[in-house]
Number of protein chains: 2
Amino acid sequence: MSAQRHKLAIIGSGNWGSAIAKIAGKNMRRYPDLFEEQVKMYVHEETVEGQPLTKLINERHENVKYLPGVKLPENIVAVPSAVEAAKGADLLIFVLPHQFIPSVCQELKGHISSDARAISMIKGVEVKNGNIRIFADVIEEILGCKCSALSGANIANEVAQDKFSETTIGYREGDLAQAEVFHKVFDTPTFRVGMIEDVAGVSLCGALKNVVAIAAGFTDGLGWGDNAKAAVMRIGLMEMKHFAEEFFDGVKPETFTETSAGIADLITTCFGGRNRKCAEAFVKTGKSFETLEKELLNGQKLQGSETAREIHNFLKARGKVDDYPLFKAVHAIAFEGGIAKELTSKL
Amino acid sequence: MSAQRHKLAIIGSGNWGSAIAKIAGKNMRRYPDLFEEQVKMYVHEETVEGQPLTKLINERHENVKYLPGVKLPENIVAVPSAVEAAKGADLLIFVLPHQFIPSVCQELKGHISSDARAISMIKGVEVKNGNIRIFADVIEEILGCKCSALSGANIANEVAQDKFSETTIGYREGDLAQAEVFHKVFDTPTFRVGMIEDVAGVSLCGALKNVVAIAAGFTDGLGWGDNAKAAVMRIGLMEMKHFAEEFFDGVKPETFTETSAGIADLITTCFGGRNRKCAEAFVKTGKSFETLEKELLNGQKLQGSETAREIHNFLKARGKVDDYPLFKAVHAIAFEGGIAKELTSKL
């Protein structure tokens with residue numbers, strides 16, 4: 001029996017990685033016939049309070065740096081090596097900042113189980129040489145294992161406190177059985193997991209919503225009110241969907257309009273997130289996004305403005321900038337000295 | 001030439017009716033070949049500052065009671081009779097509180113042009129003897145003229161101040177040419193009008209969103225955070241769509257998920273409106289909706305709780321209550337002593 005059980009590894013341990021470790025760790029114990037109890041979690045080692053972070057996590061069962069105040073189940077074991085974390089695991093959760101994905105995957109290459117499956121929780125897209133890729137594809141290509149995606153209206157601290165939320169797993173064509181295993185890894189009474197056969201759509205929602213949140217933040221900074229903000233969010237959602245359908249195969253429109261990864265995450269991001277906040281301050285203060293990131297985000301990165309720039313460069317290389325007037329306006333205002341109050345004039 | 005021009009009448013003059021009069025009045029002058037300049041607006045006569053409201057509106061070009069501080073174009077003429085307002089008009093805008101629709105339409109019956117077309121801006125639905133009707137159908141049946149619907153993320157005061165917003169016209173099957181005339185009545189650079197062949201969907205969005213806003217307000221009152229609120233909004237949108245598809249013919253799903261009448265209006269209503277506000281207070285104070293309406297709304301009516309009750313009774317008569325778990329939970333909490341924190345337990 002033990003040989004048939006799935007073994008999980010978590011590659012990453014930031015705010016979101018630690019919140020998901022709490023959920024996954026509990027579910028390992030909830031389904032003992034299905035999962036091995038112990039879960040190794042890769043922690044990029046650093047010194048906190050004069051001690052290694054892995055040691056602190058394993059002694060206190062708490063990620064004191066990135067998710068303080070939340071107890072992790074004792075079956076979560078922090079290790080300072082991705083290879084060690086993944087050893088013997090057939091289920092790999094990738095929850096790292098996107099810039100580390102290629103190097104960590106290269107490190108893991110040749111060291112993962114032949115039957116391993118991955119799931120990507122990475123927001124953002126990789127734009128290189130005029131091409132665009134989601135990180136599930138990057139992981140799949142380097143490691144040679146199938147990779148799903150998970151995204152949703154999931155502010156990590158709220159999830160860690162067991163407040164009600166939903167999320168979405170996007171799975172590969174014909175891969176429903178495997179998605180159902182990941183469903184059991186994550187689903188709880190207060191963290192409801194939906195599933196849709198659309199890895200690209202789920203991944204793109206997580207990246208592109210941040211561009212729309214910049215636009216929503218501009219409307220806040222301009223004092224334009226609730227009608228304008230809702231209109232910009234609606235138009236942004238339509239451009240997100242259009243972009244995905246134009247440049248990726250097999251994308252489902254309902255991923256954008258009906259799932260937690262789509263419309264629900266867009267709502268939380270446009271009302272709560274850091275992209276919205278910095279965009280509001282951008283209009284009110286006239287400072288650059290680089291400056292505001294330093295002043296307001298306390299070391300966190302601002303993803304929306306960077307994604308806006310990457311998407312703009314990608315569309316420009318293809319002569320398609322004008323087909324996405326909201327994305328175009330966001331880029332013009334953020335990086336080309338465009339006037340904020342002309343945000344909607346070309347929509 | 002004059003004989004071919006359309007003549008507009010506005011039946012109603014509250015906050016929203018006055019805001020729309022400002023827009024429509026200007027557009028009459030923008031398209032002089034298409035429209036007669038003067039627009040009569042039916043005002044339910046009352047005494048304000050010791051004078052008839054119609055007299056004040058016509059002297060000051062301002063609805064001093066319901067939209068103070070906003071100048072109306074001088075071609076808007078207030079009259080105290082619906083029949084007088086509609087005389088000779090072939091385009092009729094209905095923008096009255098829904099309880100007055102049957103009686104005003106009965107009054108108008110036999111007094112409107114044979115080629116008249118109507119458009120309904122009425123939120124809410126009529127539930128009677130276990131049947132449900134949108135008000136565009138009520139108007140059509142009584143007056144015998146085709147009736148479209150307009151709804152969207154349109155807080156009246158923001159529209160009146162020319163802040164950017166969008167709205168949606170739902171038109172009858174094959175009636176696009178007529179919808180395009182109404183498009184010209186309303187569309188401006190800051191009030192963008194979309195169109196979709198779906199009168200029922202557009203009308204139902206305007207009614208059912210208020211039930212979802214009650215649920216969203218409950219999450220605010222419970223302090224559940226942004227994830228939970230977005231999840232409840234998403235689930236509510238799906239129930240709205242499901243309800244419309246189950247009980248009305250020809251409804252388009254994208255009316256709910258892609259238009260201003262659908263997702264955008266849901267967003268403004270769940271973040272800004274009075275239903276959300278009263279529902280939050282309901283959880284925090286334990287007072288009834290009847291009490292909160294009196295205490296918080298300054299004479300305005302609370303539509304969401306009443307619609308929740310009507311929809312519940314309608315579903316109960318059909319044995320379908322359990323197919324709409326969010327609507328069911330809202331009714332249970334609002335009217336059956338249900339516990340607010342169990343809002344999502346049956347979803």
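Which helix of chain A does A:Ala156 lie in? A:Ala156 sits in helix α6, residues 156-160 of chain A. Helices here are DSSP runs (H or I, at least four residues), strands are runs of E (at least two), and both are numbered from the N terminus.

## About the model

This is a predicted model, in which local features need pLDDT of at least 70, side-chain atom pairs count only at pLDDT 80 or more, and totals for chains, interfaces and linings use all residues. Residues are numbered from 1 along each chain as its sequence is written, chains are lettered from A and ligands numbered from 1 in the order in which they are written, and side-chain values use heavy atoms, leaving out hydrogens and water.

A:Ala156 has a relative accessible area of 7%, so A:Ala156 is buried (under 20%; exposed is over 50%, partly exposed in between, with a 1.4 Å probe and protein chains only). Not counting residues up to four places away in sequence, A:Ala156 touches A:Asn15, A:Trp16 and A:Ala19 (contact means heavy atoms within 4.5 Å).

A:Gly12 counts as buried because its relative accessibility is 0%.

## A sheet in chain B

Chain B has an open sheet of eight strands with mixed pairing, in the order β5-β2-β1-β6-β7-β10-β11-β12. Its edge strands, β5 (76-79) and β12 (191-196), each pair on one side only (strands pair if DSSP finds at least two bridges between them). Strands β10 (residues 147-151) and β11 (residues 165-170) of chain B run antiparallel, joined by three bridges. B:Ser151 stands opposite B:Thr168 in β11(B).
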